[in-house]
Structures are given as structure tokens and as C-alpha cells.
Amino acid sequence: MKVQFKSEDGAATAEYVIATMAAVGFAGLLVIIMRSDEVRQILFDLVRSALTFNNPNGTATP
């Protein structure tokens, strides 16, 4: 008995579409989260602390 497979033309394109749609959904979720004042403040504080140099003598300089 001979087994015949269907053509897989377009399979890669479909995978790209699924991955793109997942990325768009994730980006939309990030936009919704970023509108929250609490999250925005947490991220701002995180960036500020990352950019602040802590002097070994104990004084912080921006």
C-alpha cells in the first residue's frame, strides 16, 4: 500500500502568521500594562537605579 502525503506548501507561511499574531498580542498586552501608573513608576525607578552610579564612599551621583 502506497502512502501519499499532502503538499505542505504554505506551511512555513502559516507558522510565520501564527508567530506574528502571538507577538502582536504580546505587544498589545504590554501596552495595556504600561498604561498603569504603578507599573510605569516601577519601571522608571528601575531605570533610574540602573543609571545611578553608587560611589564606594557612600554618596550617590546621578
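First, a caution. This is a predicted model. Mean pLDDT for the protein is 82. Of its residues, 81% reach 70 or more. Helix 1 has the highest mean pLDDT, at 90. Strand 2, residues 60-61, has the lowest, at 56. Please keep that in mind when you look at strand 2.

Now the layout. We have two helices and two strands. The order from the N terminus is α-α-β-β. Helix 1 covers residues 11-34. Helix 2 covers residues 37-51.

Next, burial. What share of the 62 residues is buried? The answer is 0%. The cut-off here is under 20% relative accessible area. The protein exposes about 6,100 Å². Carbon and sulfur atoms supply 66% of that area.

Which residues make it? They are Phe26, Leu29, Leu30 and Ile33. The patch comes to about 360 Å². Take Leu29 as an example. Leu29 sits in helix 1. Its relative accessibility is 45%, so Leu29 counts as partly exposed. To join a patch, a residue needs over 30% relative accessible area.

On to charges. How many salt bridges does the model have? The count is one. The partners are the side chains of Asp37 and Arg40, with N to O at 3.5 Å. The limit for a salt bridge is 4 Å, so this pair qualifies. In general, side chains of opposite charge can pair when their charged atoms come close. Both partners belong to helix 2. Asp37 and Arg40 are three residues apart, about one turn of the helix. Are they buried or exposed? Asp37 is exposed, at 53% relative accessible area. Arg40 is partly exposed, at 42%.

One more side chain, also in helix 2: Ser49. Its side chain reaches the backbone oxygen of Leu46, at 2.9 Å. Ser49 has a relative accessible area of 46%, so it falls in the partly exposed class.

Conventions. Residues numbered from 1 in each chain as written. Predicted model: local features only at pLDDT ≥ 70, side-chain atom pairs only at ≥ 80, totals over all residues. Heavy atoms only, no water. Helix = DSSP H or I, 4+ residues; strand = E, 2+ residues; numbered from the N terminus. Buried < 20%, exposed > 50% of the residue type's maximum accessible area, 1.4 Å probe, protein only. Patch = residues over 30% accessible without salt bridge, like charges linked within 9 Å, V, L, I, M, F, W, Y side chains within 5 Å. Areas by Shrake-Rupley, 256 points an atom, 1.4 Å probe, with all protein chains shown as cover. pLDDT = per-residue confidence, 0-100. Polar contact = N/O pair within 3.5 Å; in protein donor to acceptor, adjacent residues only side chain to side chain.
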